[in-house]
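Q: Please go through this model with me, setting each value against the definition behind the word used for it.

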Amino acid sequence: MLQIPFNKPYLVGKELFYISQSVLSGHISGNGMFTKKCQNFFEEKYGFNKTLLTTSCTDALEMCALLLDIKPGDEVIIPSYTFVSTALAFVRQGANVIFADSRNDRPGIDEDSIEALITDKTKAIVPVHYAGVSCDMDKIMSVADRYGLYVVEDAAQAIDSRYKGRPLGGIGHLGVFSFHETKNIQCGEGGLLIINDEKFVNRAEILWEKGTNRAEFFRGEVNKYGWVDVGSSFLPSEIVASFLYAQLEELDTIQERRISIWNKYYEELKEFEADGVVSLPVIDSFSTNNAHMFYLVFNNIDNRTTFITLLKEKGISSVFHYLSLHESEFYRSLYKGGVLQEADKYTDMLVRLPLYYELFDHGLDEVIRQIKKALNKIKKS
Ligand SMILES: *Cc1c(COP(=O)(O)O)cnc(C)c1O
């Protein structure tokens, strides 16, 4: 029987070669040759002002919370339908997270709902580009400007995707990417902090290097380095960076392949929307599609459960996604807002289909055949 996981790590070429190069070069701790190559890649390809490789996207978000000087009692607006990490960094600094609802037509934050959530305690808005599909950044930046708020783009899923031609992660004051094994470009655990607002650059380097001004020292700007601020060990080892660099070199190939898998799902499954049982992803005209994820939204939770079960019987793994954070065990009792109807809808009805680099070779056609069979069966029941 077919065995199709939801996601699968992969090698594109030079990963293992570059790992051995980093070891043979005699430098496998952080901030070495491969870290610089990765950071240069992002600064050159996307024109980002300044980037720092981190041990995860979660850590990059923690750096954002430190850079914005988030303090107990501050409020940060984030969508409820997102990964825990979007909230975690701010909650750890003592902030109250204020949850926004998703849009009716897609899981990203409802941009029009943000303004009503702003109070005199609000410090930042953290939009998440769900599935790599851009939020309406003009709307978000303009409301942020009007109230003097910072914007941190959680672009964990949004590498190589654009809003009106501008690379995601490069629009807010700060932005973050993830290279977790479930993301398009991966190195196991890894992330990137993108510093668009120049005023955060110096301090970001210090936080990154355990509260020391070591980065300045290495550039010859100071003749001694020492402890100057808070910080942590946010920088990944060169072993991780070398693996990542091999994938970055092949980014266009990887993206092309993911997009063709995504397009095939879309073309083959589009017809099922007419029956009202499922809807397909919506991509606004201002956004590109980086094919991070292909999902279906069912018309009720039972149909989703049936679908997942039917595919599982055929050896195909499909999975639901987030449980709205405002209803999580951790935050439920702290939550003071109202019902977030759309976030709850995606919690109950969204399912993600297998999508990884080698899926074409592993039987995408058969996967699609089984998905159609399952949808037809649900339609008739
Ligand atoms: C994956 C993900 C994260 C966390 O990334 P890590 O690199 O695993 O820390 C944060 N936010 C979103 C939206 C994600 O999808």
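A: Contact means heavy atoms within 4.5 Å, and helices (H or I, at least four residues) and strands (E, at least two) are DSSP runs, numbered from the N terminus. This is a predicted model, in which local features need pLDDT of at least 70 and side-chain atom pairs count only at pLDDT 80 or more, while totals for chains, interfaces and linings use all residues. Residues are numbered from 1 along each chain as its sequence is written, and side-chain values use heavy atoms, with hydrogens and water left out.

Q: What covers the buried residues of H6?
A: The cover includes H2, S1, helix H3 (57–67), strand S9 (191–195) and helix H7 (214–218). The buried residues themselves are Val201, Ala204, Glu205, Ile206, Leu207 and Trp208.

Q: What makes H6 mostly covered?
A: A residue counts as buried under 20% relative accessible area, as exposed over 50%, and as partly exposed in between, using a 1.4 Å probe and protein chains only. Six of the eight residues of H6 are buried, and the helix is therefore described as mostly covered.

Q: Why is the pair of glutamate 205 and lysine 50 called a salt bridge?
A: A salt bridge is a side-chain nitrogen of Lys or Arg within 4 Å of a carboxyl oxygen of Asp or Glu. The closest N and O atoms of glutamate 205 and lysine 50 are 3.1 Å apart, so the pair meets that limit. Glutamate 205 lies in helix H6 (residues 201–208) and lysine 50 in the loop between helix H2 (33–46) and strand S1 (51–54), which means that the pair ties together parts that are 155 residues apart in sequence. Both glutamate 205 and lysine 50 are buried. In general, side chains of opposite charge can pair when their charged atoms come close.

Q: How many salt bridges does a search of the whole structure find, and which residues are linked in a network of them?
A: The search finds 28 salt bridges, and Arg103, Asp105, Arg106, Glu111 and Asp284 are linked in a network. Within it, arginine 106 forms a salt bridge with glutamate 111, with the closest N and O atoms 3.1 Å apart. Arginine 106 is called buried because its relative accessible area is 2%, and glutamate 111 counts as buried at 7% relative accessibility.

Q: Is lysine 270 buried, partly exposed or exposed?
A: Lysine 270 has 35% relative accessibility and so counts as partly exposed. Lysine 270 forms a salt bridge with glutamate 273, the closest N and O atoms being 2.6 Å apart, and glutamate 273, with a relative accessible area of 26%, is partly exposed as well.

Q: Why is arginine 258 called buried?
A: Arginine 258 has a relative accessible area of 2%, so the residue is buried. Arginine 258 sits in helix H9 (residues 251–269) and touches Lys183, Asn184, Ala291, His292, Leu355 and Tyr356, not counting residues up to four places away in sequence.

Q: Which residues of the protein are the closest to the ligand?
A: A residue is near a molecule if one of its heavy atoms lies within 4 Å of it, and 16 residues surround the ligand, the closest being Thr58, Asp154, Gln157, Ser178 and Lys183.

Q: What makes the phi of alanine 131 worth noting?
A: Most residues other than glycine have a negative phi. Alanine 131 has a positive phi of about 60 degrees although it is not a glycine; the residue lies in the loop between strand S4 (122–125) and helix H5 (137–147), and at 2% relative accessibility it counts as buried.
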